[in-house]
Amino acid sequence: MDPQPSPLAHRRLAHLARQRFVDGLCASLPALDKKIQDFLTELMGQPGTQRDMQLRRDAWMSYQAHHKGWVERTGRAWRENLAPPTTTSRGALASGGLELLSDDVVENKILASRMALTVLEHVGNPFDEARKRTEHLEGHELDSRDILRPETLCLRLVEQWLETGLQRSDLQFVLDPLQRELAVLALGHYQGLVKLYDEHGVAASDDLRARVRRPAATGPGSGSGALAAKGPSTGAPEPAGLASQALQQSREAMARQAAFQPTMVAPPTGFHAPLPGARPGMAFGNPLVRARQRAQGVMVQLRRLLTQPTTGYDMVKAPPASAALAHALAAHRVQADTYYSGMATLVQDYSPQAVVQVANVVRERSAEFKKKASTASEKAIIEVVALMFQSILSEDRIPPSVRVWVARLQVPVLRVALAEPEFFSNLTHPARQLIDRMGACVLGFDASSINGSALEAEIRRIVQVIEQYPETGRRVFELVLGEFEKFLAKFLTEKQGTSRIVSVAQQVEQKETLAIQYTIEMRTMLKDMPVRDEIREFLFKTWAEVLAMSAVRNGAQHADTVAYKRAAADLVWAASAKPNRADRAQVIQSLPALLQSLRQGLALIGVAGQEQDVLIKGLTDTLADAFLSKTAAIPQAHIDAMARRLANLEDYIGDEAMGDMPLNADNIEMLLGIDASSIHVIADNGAPVQEEMVAWAQELPRGTWFTLDHSGASAQVQYVWHSERKQLHLFAAMDGSSYLIQLRRLGAYLQAGLLVAQEEESLTLRATRDALTKLDANPERLLG
């Protein structure tokens with residue numbers, strides 16, 4: 001039997017692992033440097049204000065002058081941080097020593113913490129594996145300053161940026177690509193670290209919970225105080241002490257994030273742009289990315305809490321619920337209606353006492369489940385879910401009747417959380433999304449407007465479906481979330497005024513889409529035909545609009561639409577060379593009818609009077625020239641083929657041709673002949689907008705409330721509709737007015753902070769943050 005490796009051999013292996021990790025990262029620095037240079041070069045080429053352009057130029061020039069020094073100094077700083085802090089230094093810090101930090105040091109730590117959240121979210125499991133195995137080899141937790149920790153890597157990188165002579169505002173310019181590229185590089189090196197440990201037979205993470213024993217903290221600087229002193233004599237910390245340790249780290253991370261950017265917003269509700277007066281360079285960071293970082297930070301804190309050794313929750317594959325707890329959950333599903341029988345009365349009671357009574361009922365049920373739980377992880381999950389729903393029930397901006405029904409989702413959500421660890425790490429889990437969507441649609445409504453409404457009835461129906469579904473899991477939440485989205489699409493647009501606007505907007509998009517597609521198809525048909533440029537331009541720019549307008553108003557196969565399609569083919573033939581007398585006679589005979597059809601079509605799209613006369617004269621001049629042309633005529637077979645294709649054009653066009661389309665109030669009034677005075681049309685004006693903002697605009701959830709700043713006036717609006725291709729988006733205000741916004745302009749409004757979600761965070765994310773805050777103040781309750 002081989003002897004066990006000595007502690008010295010363990011320490012040597014851990015040192016070798018760190019050495020390889022740092023060497024690999026240092027070797028990757030040139031790739032990181034190139035990514036930043038490419039980004040700054042591309043940024044300089046983007047349009048912007050004169051001040052923006054100057055700031056970008058300054059950042060590019062500064063980086064060109066200092067980037068080599070930064071790469072060298074960062075690599076040196078990482079290598080100098082190779083040796084883990086000594087026991088003495090750790091003890092000195094733990095004993096309660098205090099240090100007055102400068103503003104620069106604090107700013108560096110805040111910025112590094114923000115970067116570390118992105119890196120940590122990306123490296124995830126490989127980092128946890130590497131960390132646990134290193135702790136096993138060394139017999140203690142990684143120090144907070146250990147080079148293996150993402151926050152240490154990022155802090156050294158930020159420090160050397162400034163030491164080299166680069167500005168903090170310049171770092172804000174490149175923060176997004178820098179942290180993304182660093183996360184990708186770090187992931188590969190953490191995976192290499194795990195592979196090295198595998199080769200040396202270091203225990204996998206599943207075996208480490210029983211092997212790693214952290215020494216109990218003592219003294220006034222331990223952070224656990226009397227709780228730690230109550231731990232068992234074996235030296236393992238008392239459970240509440242460990243919870244307090246994990247939550248202390250979470251609290252510090254939350255404070256750092258809040259200090260950096262208090263106006264971030266978490267998906268899927270919406271996001272703020274930086275407020276006026278933000279630090280230089282901050283506005284160039286993507287608000288969408290920043291908001292996601294803050295939201296992910298909350299989930300990282302929750303994950304750390306649940307995976308600490310005392311709870312031991314497996315975030316990859318959760319074990320089945322213990323027998324007693326599973327039986328209690330199953331019994332609750334069967335008896336749900338009986339158990340909540342009093343809620344039917346409570347729904348009609350909008351007093352605060354009614355909601356308090358519901359909250360007490362839910363809390364008692366959670367306590368019963370906790371008694372049935374047989375593992376620490378089950379107790380922790382029950383407590384976290386219970387605290388989340390307590391937060392939701394205390395949200396007084398949600399009408400009481402809705403809160404009562406949402407409260408009944410606590411047990412189905414608990415069943416999902418026990419079976420699917422992803423609930424605690426994925427903000428887009430369907431159970432979270434459903435609750436968020438319900439809450440976002442009713443925030444701010446009073447009880448009387450919700451009571452008895454179709455919206456309240458649909459929420460009640462969905463809750464009852466989920467309760468009675470045989471297997472409450474992701475699948476049922478996905479199904480009802482889809483049903484709820486379909487319901488919202490109808491409910492939000494069923495008011496008479498809104499419904500009419502939606503109808504108009506749909507036809508506007510259909511008309512503009514058809515015009516684009518007709519143009520593309522006619523270009524294809526005429527590509528190899530000898531057609532004069534004047535005729536091509538008329539067909540592509542004007543007659544395509546006529547065909548589209550007629551198709552939308554009358555239908556694609558209406559007699560007028562068919563006649564306009566035939567007129568296009570006749571015009572192409574009439575304008576081609578006529579070398580023989582019979583063809584010229586035929587043109588003369590058919591010309592009056594053709595010109596009449598052309599004038600009718602032009603009138604359809606609002607071209608009349610002198611403007612129409614100019615167009616018609618240009619066409620007749622072209623036809624006259626055709627009589628004298630000696631070029632080859634277009635074969636009649638080609639003309640016939642074109643006519644057939646135009647007659648059935650809708651069979652050939654597809655969605656892939658859709659592009660940016662023009663939009664204005666005149667088009668809307670002309671299309672259906674309605675008064676568009678209550679519709680504020682906000683069309684694309686060519687303002688520069690990031691593609692990420694456009695993508696964000698396409699994903700806004702219907703029903704969400706926003707503050708819209710348009711032309712100096714502020715309005716509270718609800719997002720109620722988007723067109724099929726998401727080129728048009730409709731927001732309805734409480735005063736009956738509506739705002740129809742084109743896609744890229746909507747992205748520009750989000751980017752500029754002119755459209756801001758009224759809720760900074762989604763309902764379940766805010767509930768998660770509240771739960772962490774409560775556990776921070778009272779960690780004993782996690783497992784108690």
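The points that follow are grouped by topic.

The structure is a predicted model, in which local features need pLDDT of at least 70 and side-chain atom pairs count only at pLDDT 80 or more, while totals for chains, interfaces and linings use all residues. Residues are numbered from 1 along each chain as its sequence is written, and side-chain values use heavy atoms, with hydrogens and water left out.

**Confidence**
- The chain has a mean pLDDT (the predictor's confidence in each residue, from 0 to 100) of 75, and 72% of its residues reach 70 or more.
- Over residues 205–284 pLDDT stays under 50, and the model has 156 contacts (heavy atoms within 4.5 Å) beyond four places in sequence for them.
- Residues 87–100 also stay under 50 in pLDDT, with eleven contacts beyond four places in sequence.

**Helix α6**
- Helix α6 (residues 168–199) has a kink of about 65 degrees at V174, shortly before the proline P177; the bend is the angle between axes fitted to the seven residues ending there and the seven starting there.
- G201, which follows α6, has a positive phi near 70 degrees.

**Packing of α18 and α20**
- L434, M438, C441 and V442 in α18 meet L455, I459, I462 and I466 in α20.

Methods:
Helices (H or I, at least four residues) and strands (E, at least two) are DSSP runs, numbered from the N terminus.
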